[in-house]
Amino acid sequence: MILTITANPTVDRVYFVDNFQMGEVHRPERMVCSAGGKGLNVARVAHIMGEHTAAMGFVGGFNGEYIKSELHKLGIETDFTRVDGETRVCVNISDKNGLSGEILEKGPEVTLAQIEEFLKDFENHVDNYDIICASGSLPQGVDSSFYCEIIRISKAHGKRVIVDASGTVLEDVIEAKPFMIKPNRYELSLLMKKEVEAIEDVKNALIFLYEKGIELPLITLGKDGAMAYIDGEFCKFNSPNVKVKNTVGSGDSTVAGIATGLRRGMSITDSVKLGMAAGTANTQFEGTGMVSEELVEKYYKEVTVEKL
Ligand SMILES: Nc1ncnc2c1ncn2[C@@H]1O[C@H](COP(=O)(O)OP(=O)(O)OP(=O)(O)O)[C@@H](O)[C@H]1O
Ligand SMILES: [Mg+2]
């Protein structure tokens with residue numbers, strides 16, 4: 001079973017309006033509401049790919065209940081820790097003129113006792129999971145030691161952890177040596193404190209991360225696929241050329257694909273190929289973190305791997 005951890009999930013609401021203007025009243029033509037957060041995208045995609053999936057994290061109030069019920073409807077198990085206050089709402093205003101704007105709440109503060117409750121619960125159940133994916137930013141009250149502790153507990157139980165984080169959280173998490181991290185080019189540049197452009201820069205970063213103790217450092221490069229350091233070789237994964245609808249959540253889909261491959265006992269290279277296929281499949285849907293089994297299967301056959 002694949003476990004995803006979403007420390008700061010959201011209720012996402014997209015309002016479709018015509019000619020949005022401050023000071024005016026708008027009656028949206030359409031509103032789409034969904035359970036959001038990077039870890040929940042990973043859970044949804046792994047589930048669609050046929051994996052038995054569970055979700056942990058912190059939720060509060062009615063919005064928290066909404067998130068749990070949306071996951072249950074899909075058939076994803078949940079084991080969230082309750083916090084005081086309401087899980088955050090993120091509003092996107094999508095104007096017919098093509099522009100959009102967002103209002104992102106911070107979310108409720110998590111107390112030390114709630115963090116301890118989560119970690120105790122996690123340690124009690126970690127043996128039920130094959131692989132753990134921790135994704136996204138952390139809520140108020142939680143710092144990077146939370147992810148580090150998840151990595152420590154998982155490793156003590158012989159479990160692999162994939163962490164998709166950025167900024168200082170990613171910097172700190174690397175010290176705890178998760179099995180895999182997957183910065184995109186922008187996140188990698190922040191981490192390396194320099195613009196990572198040329199292939200040589202990506203290679204140097206991969207070696208740097210591998211020597212830090214990350215078994216599978218993976219740099220995703222959007223339409224250009226990804227690069228990884230596997231068994232002492234630099235591997236460039238080329239994604240199929242496609243006309244995209246929406247790329248948001250492609251990285252989350254990649255994580256889900258890789259976790260799925262590893263859970264099935266596929267080689268690391270084939271698991272990354274499956275991740276590329278899932279990331280590309282996500283570009284074919286309007287929704288964030290959405291794939292179909294058919295498309296993943298089709299793209300899997302089209303991903304190529306080069307040794308550089
Ligand atoms: N335009 C595209 N065409 C084909 N494949 C794509 C495209 N964009 C993304 N992908 C696939 O998805 C993978 C992950 O994409 P990307 O590097 O954009 O992740 P990301 O920036 O972490 O995304 P997010 O954080 O929104 O989930 C890529 O390695 C690639 O396989
Ligand atoms: Mg990403």
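Start by selecting β8: Ile-131, Cys-133 and Ser-135 point one way from this strand, Ile-132 and Ala-134 point the other way, and all are buried. This is a predicted model. In a regular strand, side chains alternate between the two faces of the sheet. Five of the five residues of β8 are buried, so the strand is largely enclosed by the rest of the structure.

**Stop 1: the neighbours of β8**

Four bridges join the two strands, which run parallel. Pick Ile-2 and look across: its bridge partner in β8 is Ile-131.

Which residue of β9 is the bridge partner of Cys-133? Select Ile-162 to see it.

**Stop 2: a helix on the sheet**

Show α8, residues 250–263. It packs on the sheet and touches β1 (2–6), β8, β9 and β11 (216–220). Look along β8 and compare directions: that of α8 makes about 170° with that of β8.

Next, show α9, residues 268–282. This helix packs on the sheet too, touching β11, β12 (226–230), β13 (233–238) and β14. Its direction makes about 165° with that of β12.

**Stop 3**

Zoom out and colour by strand. The sheet is open and has ten strands, with mixed pairing. Trace the order: β5-β4-β1-β8-β9-β10-β11-β12-β13-β14. Which strands are at the edges? They are β5 (77–82) and β14 (304–307), and each pairs on one side only.

**Stop 4: the β14 end**

Select β12 and β13. They run antiparallel and are joined by five bridges. Ala-226 has Phe-237 of β13 as its bridge partner. Then go to the hairpin between these strands, where two residues lie between them.

Move on to β13 and β14, an antiparallel pair with four bridges. Select Lys-236 and look across to β14, where Glu-306 stands opposite.

**Stop 5: ligand 1**

Centre on ligand 1 and show its shell. How many residues surround the ligand? There are 21, and the closest are Thr-220, Lys-223, Ser-250, Gly-251 and Gly-279. Colour the shell by residue class: six residues are nonpolar, 13 are polar and two are charged.

The most comes from α8, with four residues.

**Stop 6: α10**

Finish with α10, residues 293–302. Is Val-296 buried or exposed? Val-296 is buried, and so are Tyr-299 and Tyr-300. Turn the view to look down the helix axis. The buried residues of α10 fall within an arc of 110°, so they line one face of the helix.

Note on methods:
Residues numbered from 1 in each chain as written. Chains lettered and ligands numbered in written order. Predicted model: local features only at pLDDT ≥ 70, side-chain atom pairs only at ≥ 80, totals over all residues. Pairing = 2+ DSSP bridges. Contact = placed C-beta atoms within 7 Å. Axes fitted to C-alpha atoms, helices over the stretch in contact; angles between N-to-C directions. Near = placed C-beta within 6 Å. Nonpolar A, V, L, I, M, F, W, Y, C, P; charged D, E, K, R; others polar. Buried ≥ 20, exposed ≤ 12 C-beta atoms within 10 Å, placed from the backbone. Arc of directions from axis to C-beta.
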